[in-house]
Amino acid sequence: MALTAFLSAYLAGLYANTWTDRAAIARRQDRLWRRLPLGDYPALRGWAKQPLARFPIVDVADYRAQFQAYNRYGLSLEAATAAALASEAGRPSRLPYGLSAGLSTGTTSATRGLFVTTAEERATYIGTVLAKLVPPAEWSKTKRVALCLRAGNVLYNADLAGMRLRFIPLAPDHDATIQALREDRPDVLVAPPQVLLSLATKAPDFRCPRVYYGAETLNDVERDFITERLGVRPDPIYQATEGFLGAPCRLGTLHLNEDSLIIEREPLDSHGRFRPVITDLRRRTQAVVRLRLDDVLQETTCACGSPLQAVKPLMGRVSDIWRLEDRVIFPDEIQDVVAPLLPGDMRWIAMIDNLGISIACPDDKAAARILKALAGFGGPVKRVPYDPAADFPKRRHVRAVAETR
């Protein structure tokens with residue numbers, strides 16, 4: 001059954017790549033929506049026969065708190081978390097119905113997302129990912145796919161249809177990660193930008209035909225640095241605990257996976273920035289219906305011809321938007337000011353709290369340039385010590401540390 005699910009998802013993904021109009025997307029979304037077993041989830045039973053627009057929108061924190069009400073097996077948050085931690089440690093997870101649990105990277109232990117899947121859903125995920133990331137013409141040449149993440153799960157290890165997916169652990173100093181990648185010699189690599197930057201700095205001879213990044217922002221200066229050093233342009237994916245949300249086209253533009261998701265948009269400004277509200281049309285074990293994420297996305301256009309909505313790569317978090325009196329400053333606007341002043345491999349963090357703006361950077365000259373640039377936003381700006389641990393396991397250049405008035 002897993003192989004059937006894999007092939008079905010792979011072929012469906014390839015078919016979606018051929019669409020040329022929005023009508024095909026709407027038809028598929030409607031068909032998949034009507035197949036969702038909405039009455040199986042305690043949190044959704046009261047709306048099971050209603051149109052999507054009448055379902056409540058739920059924030060990530062509330063969704064995670066109601067974990068048991070959003071999975072169809074009545075699995076408790078405590079049992080699923082214990083199973084996920086056991087899986088990370090290499091111990092048996094001991095969940096019923098062949099379920100497997102996993103945890104997202106998260107910035108802290110309190111913010112790690114929890115997901116539960118069946119073997120069939122795991123195969124569907126892999127088929128969808130490969131349909132989006134590996135062109136059919138390159139299938140015969142693609143044997144090894146490496147997924148570099150903070151923690152492993154059976155979702156990220158599989159051997160299907162002659163292709164092997166392997167989890168590569170994310171080490172704090174990246175040295176062990178780089179060594180594991182050298183030994184694995186993947187044909188496709190999916191990794192957070194911090195790993196790609198370390199590869200470009202410490203192992204510029206590393207080669208992989210296809211490289212993708214996700215989980216963190218990557219500015220243009222950093223992307224160019226990686227491209228020059230590794231000889232391949234890293235293209236963005238949009239992956240979260242809540243699902244595989246977006247993939248690049250042949251031109252490298254990120255497109256939302258609307259062939260398996262409904263993505264509503266809550267506008268954040270008049271320039272196309274929005275906060276996504278996700279409904280996953282293929283997940284069954286754990287419902288994802290009108291889930292409001294903390295991400296900042298921005299609409300864009302693409303010449304590839306796909307009707308799937310094109311967006312700029314992840315631009316930061318809504319919770320990291322700076323608010324200075326009557327000004328709203330998005331994380332990407334801060335990066336646009338700072339990044340051109342620095343080398344592509346420079347580490348830096350810009351933070352705001354009720355006391356003003358702080359910057360952390362290990363290089364004195366670079367720190368001086370950042371201080372001067374951010375002084376233009378108004379308010380006091382100071383330098384604080386840079387702690388490498390603050391960038392692990394998830395790197396964020398721009399942060400709002402506390403409510404700012």
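Tutor: Leaving out residues up to four places away in sequence, Thr253 touches Ala247, Pro248, Thr300, Thr301, Cys302, Ala310 and Val311. Contact here means heavy atoms within 4.5 Å. Thr253 sits in the loop between strand S11 (243-248) and strand S12 (254-256). Helices (H or I, at least four residues) and strands (E, at least two) are DSSP runs, numbered from the N terminus. The relative accessible area of Thr253 is 17%, so it is buried. The scale runs as follows: buried is under 20% relative accessible area, exposed is over 50%, and partly exposed is in between (1.4 Å probe, protein chains only).

A word on the model. It is predicted: local features need pLDDT of at least 70, and side-chain atom pairs count only at pLDDT 80 or more, while totals for chains, interfaces and linings use all residues. Residues are numbered from 1 along each chain as its sequence is written, and side-chain values use heavy atoms, with hydrogens and water left out.

The whole structure holds zero disulfides, a disulfide being a pair of cysteine sulfur atoms within 2.5 Å. Cys304 is in none; its nearest cysteine sulfur, in Cys302, is 3.6 Å away. Cys304 is buried at 16% relative accessibility. For Cys208, the closest cysteine sulfur belongs to Cys148 at 12 Å, which is too far for a bond. Cys208 is buried too, at 6%.

Now the helix packing. Helix H7 (residues 193-202) is mostly covered, with eight of its ten residues buried. They are Pro193, Gln194, Val195, Leu196, Leu197, Ser198, Leu199 and Ala200. Their packing partners are strand S4 (144-149), helix H6 (175-184), strand S7 (188-191), strand S8 (210-213) and helix H8 (220-230).

Take H8. Its axis comes within 9 Å of that of H7, and the two cross at roughly 45°. Axes are lines fitted to C-alpha atoms, for helices over the stretch in contact; angles run from 0 to 180 degrees between N-to-C directions. H7 and H8 are therefore oblique to each other. Angles under 35 degrees count as roughly parallel, over 145 as roughly antiparallel, 65 to 115 as roughly perpendicular, and the rest as oblique. From H7 come Leu196, Leu197, Leu199, Ala200 and Thr201; from H8, Glu222, Phe225, Ile226, Arg229 and Leu230. By class, that contact has seven nonpolar, one polar and two charged residues. Ala, Val, Leu, Ile, Met, Phe, Trp, Tyr, Cys and Pro count as nonpolar, Asp, Glu, Lys and Arg as charged, and the others, Gly among them, as polar.

Turn to H6. The axes of H6 and H7 come within 10 Å and cross at roughly 80°, which makes the pair roughly perpendicular. Asp175, Thr177, Ile178 and Leu181 of H6 meet Val195, Ser198, Leu199 and Lys202 of H7. Those residues divide into four nonpolar, two polar and two charged.

Last, the backbone. Most residues other than glycine have a negative phi, and most peptide bonds are trans. Arg290 has a positive phi of about 55°. It lies in the loop between strand S14 (273-280) and strand S15 (291-292) and is buried at 9%. Tyr97 has a phi near 60°. Its loop runs between helix H4 (77-88) and strand S2 (100-103), and Tyr97 is exposed at 59%. Phe392 and Pro393 are joined by a cis peptide bond, with omega about 10°. Pro393 belongs to the loop between strand S22 (381-384) and strand S23 (398-400).
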